[in-house]
Amino acid sequence: MTIALAGRRIDAAGAKKRLFPLENARTVAEALHNVLDERRPKALVSSCACGADLLALHEAGKLGIRRRVVLPFPPDEFLQTSVIDRPGEWRSMYERVIRDVAASDDLVIVSSEAERDDAYLLVNIRILDEAAELAKASDEDVQAVLVWDGHSRGPGDFTDAFRQEAERRGYPVLTIRTNEESQNPSQRAIFGSSSPN
């Protein structure tokens, strides 16, 4: 199995809607660890933004799972636009992941003249393409993992666009919730799965 993952970034400071509060990061990381440990995929493919991406990549690294990172821009630019612009200490985790995946030739930068929003949508497609390629090489399946609050924000919601594309391709989608109010030890995260219609 190869996992293709996308999800919410940590909420901006003062965000009115709580999609992924920083205080839920540890709980989501534990849920991601459990999913990766149970499924033991050959590889995890995602982008590298603060929040869902970096937490998943960090946990995969701890488990010795191959990681492939897809970025819309060079790493220094992505650091500024998608990592350190939100609360939390994400820089060192990001730099470590980028260094490791670059060393193993698993850093993919989508070269495009597209507008910024289009570039992020292209990254979604490329994550799924890369996962399909890795899965095919080892005769495995692709599992999509969505780390989010469970609700689309409408047009321009890149996480929901990823979900729609994964389902269009026929991949099962596992959901890990990011904004559950109840974060007690007996309910670490809410899981759900869907199969495409």
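Visitor: Which element gives the most to the lining of the largest pocket?
Guide: That's α5, with 4 residues in the lining. Keep in mind as we go that this is a predicted model.

Visitor: OK, and what volume does the largest pocket have?
Guide: About 570 Å³. It is lined by 26 residues, and the closest to its centre are Gly7, Arg8, Arg9, Phe158 and Thr159.

Visitor: Which elements give two or more residues to that lining?
Guide: They are β1 (2-7), α3 (75-82), α5 (116-137) and α6.

Visitor: How many of the lining residues are nonpolar, polar or charged?
Guide: You get 12 nonpolar, 6 polar and 8 charged residues in the lining of the largest pocket.

Visitor: Let's switch to rings. How many aromatic pairs are there?
Guide: The count comes to 3 aromatic pairs. In one of them, the ring centres of Phe73 and Tyr120 are 5.7 Å apart.

Visitor: Why is that pair called edge-to-face?
Guide: Because the ring planes sit at 80°, and planes over 60 degrees apart count as edge-to-face.

Visitor: Where are Phe73 and Tyr120 in the chain?
Guide: Phe73 is in the loop between β3 (66-71) and α3, while Tyr120 is in helix α5. They are 47 residues apart in sequence, so the pair ties together separate parts of the chain.

Visitor: Are those two buried or exposed?
Guide: Both Phe73 and Tyr120 are buried. For Tyr120 the relative accessibility is 18%, and buried means under 20%.

Visitor: What does Tyr120 do with Phe158?
Guide: Tyr120 and Phe158 form a tilted aromatic pair, 5.5 Å centre to centre with 45° between the planes. Here the link runs from helix α5 to helix α6, across 38 residues.

Visitor: And how exposed is Phe158?
Guide: Phe158 has a relative accessible area of 23%, so it counts as partly exposed. Remember Phe158 from the pocket: it was listed among the residues closest to the centre.

Visitor: Which residues form one aromatic cluster?
Guide: Phe73, Tyr120 and Phe158 do.

Visitor: New topic: Asp149. Where is Asp149 found?
Guide: In the loop between β5 (142-148) and α6 (158-168).

Visitor: Is Asp149 buried or exposed?
Guide: Asp149 is buried, with 4% relative accessibility.

Visitor: Which side chain makes a polar contact with the side chain of Asp149?
Guide: That would be Arg8, at 2.6 Å. A polar atom of the Asp149 side chain also lies 3.4 Å from the backbone nitrogen of His151.

Visitor: What else does Asp149 touch?
Guide: Leaving out residues up to four places away in sequence, Asp149 touches Arg8, Leu19, Arg177, Thr178 and Asn179. Arg8 came up with the pocket too, as one of the residues closest to its centre.

Terms used: Residues are numbered from 1 along each chain as its sequence is written. This is a predicted model: local features need pLDDT of at least 70, side-chain atom pairs count only at pLDDT 80 or more; totals for chains, interfaces and linings use all residues. Side-chain values use heavy atoms; hydrogens and water are left out. Buried means under 20% relative accessible area, exposed over 50%, partly exposed in between (1.4 Å probe, protein chains only). A polar contact is a pair of N or O atoms within 3.5 Å; within protein, one must be able to donate a hydrogen and the other to accept it, and residues adjacent in sequence count only if both atoms are side-chain atoms. Contact means heavy atoms within 4.5 Å. On a 1 Å grid over the protein atoms alone, a cavity is a set of points where a 1.4 Å probe fits but cannot get out, and a pocket is an open set with protein on both sides within 12 Å along at least five of seven lines; lining residues have an atom within 4 Å of a point. Grid points are joined across faces, edges and corners, and a volume is the space filled by probe spheres set on the points. Ala, Val, Leu, Ile, Met, Phe, Trp, Tyr, Cys and Pro count as nonpolar, Asp, Glu, Lys and Arg as charged, and the others, Gly among them, as polar. Rings of Phe, Tyr and Trp (its six-membered ring) pair if their centres lie within 6.5 Å; planes under 30 degrees apart count as stacked, over 60 as edge-to-face and the rest as tilted.
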